[in-house]
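Hi there,

Here is the structure I promised to pass on to you. Have a look at it first, and then read my notes below.

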Amino acid sequence: MVQFMNTVFNGVSLSSIILLTSLGLAITFGLMRVINMAHGEFLMIGAYMTYVVQNIFAKFLPESVFSLYYFVAILAAFAVTFLLGALMERFIISKLYGREIDSLLATWGISLILQQAARSIFGMQGVNVTAPSFLNGGLEIGGCTFSYNRLFILVMVVACMLLVWYIMYKSNFGKQMRAVMQNRSMAQCMGINSKKVDMITFSFGSGLAGIAGCSVALLGSIDSTIGQSYIVNSFIAVVLGGVGKLIGTVFGSSIIGFASIGIENYTSASIAKAAVLFIVIVVLQFRPQGLFTIKSRKLDE
């Protein structure tokens with residue numbers, strides 16, 4: 001039972017990290033149809049921002065407030081990646097809408113540039129983040145230990161998911177965003193500034209990747225390739241769940257997370273990756289558009 005509970009918790013933990021990384025892709029790729037290969041590098045920037053803010057607190061502020069650095073790092077990571085996303089959308093992505101291959105190549109080039117910039121600034125060796133004091137240790141229940149940092153990540157994922165859900169489905173901007181993505185010309189005829197919506201939408205998705213980087217920073221060493229460890233599973237989660245559907249991203253991330261942990265416990269990491277890919281292929285054979293699809297007159301034409 002202890003082993004089973006640990007497996008379940010590890011599956012939930014991995015699923016939550018994949019989901020947090022996928023939330024930004026659910027917007028930039030799922031809604032905007034932009035294949036952003038630099039999304040993993042925004043995650044990397046968020047992780048490095050956590051490291052930078054930590055060092056600033058350690059050097060200039062009293063030790064008594066050191067643990068608060070993580071909350072400041074979350075805001076800083078979101079702000080920096082949001083701004084970078086806005087610049088990237090305005091000067092590069094806006095020229096490539098409707099040209100998926102061109103956007104893929106352009107963003108892949110940007111990802112290489114950002115990786116090299118990280119190596120030049122922080123060096124080739126990985127850096128580590130010291131977890132705040134309130135995240136040290138774990139919660140012990142029936143012989144199982146649930147680490148506080150992973151529990152905190154779960155809470156952060158739920159908060160981000162609720163925020164995305166509210167913005168997409170309850171706010172006025174969310175209505176404009178979905179209108180532009182589903183029928184751009186009609187939305188423009190209704191007076192919606194599509195260029196502004198595009199920039200804010202892409203920037204928000206990039207900012208969510210920065211927050212994901214803050215969570216990943218708690219789990220291990222940070223280097224220039226950290227984003228590549230999560231970007232593939234995130235793309236698969238969005239496609240598996242259904243492009244443009246938030247609930248689909250949740251289910252897609254859960255399937256990948258639980259399948260990876262469950263299979264790896266009884267086989268190996270390589271076999272687990274192959275099995276997850278096989279599951280995705282089988283599902284897409286029967287549901288080519290993913291588990292959940294957007295219903296609209298435009299898409300049914």
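L83 sits in helix α3, which covers residues 69–91. Please keep in mind as you read that this is a predicted model.

Is L83 buried or exposed? With a relative accessibility of 52%, L83 counts as exposed, because the cut-off for that word is over 50%.

Next, the largest pocket. Its volume is about 550 Å³, and 20 residues line it. If you want to find the pocket on your screen, look for L14, S229, N233, S260 and K273, the lining residues that lie nearest its centre. The elements that each give two or more residues to this lining are α1 (2–28), α9 (228–241), α10 (246–266) and α11 (269–286). Which of them gives the largest share? That is α9, with 6 residues. By kind, the lining of the largest pocket splits into 12 nonpolar, 5 polar and 3 charged residues.

Finally, the charged pair. Side chains of opposite charge can pair when their charged atoms come close. How many salt bridges does a search of the whole structure find? The search finds 1. The partners are R99 and D102, whose closest N and O atoms are 2.8 Å apart. R99 counts as partly exposed because its relative accessibility is 41%, and D102 is likewise partly exposed, at 32%.

Enjoy exploring, and write back with any questions!

Best wishes

Notes
Residues numbered from 1 in each chain as written. Predicted model: local features only at pLDDT ≥ 70, side-chain atom pairs only at ≥ 80, totals over all residues. Heavy atoms only, no water. 1 Å grid on protein atoms, 1.4 Å probe; cavity = no way out; pocket = protein on both sides within 12 Å on 5 of 7 lines; lining within 4 Å. Points joined across faces, edges and corners; volume = space filled by probe spheres on them. Helix = DSSP H or I, 4+ residues; strand = E, 2+ residues; numbered from the N terminus. Nonpolar A, V, L, I, M, F, W, Y, C, P; charged D, E, K, R; others polar. Salt bridge = Lys/Arg side-chain N within 4 Å of Asp/Glu carboxyl O. Buried < 20%, exposed > 50% of the residue type's maximum accessible area, 1.4 Å probe, protein only.
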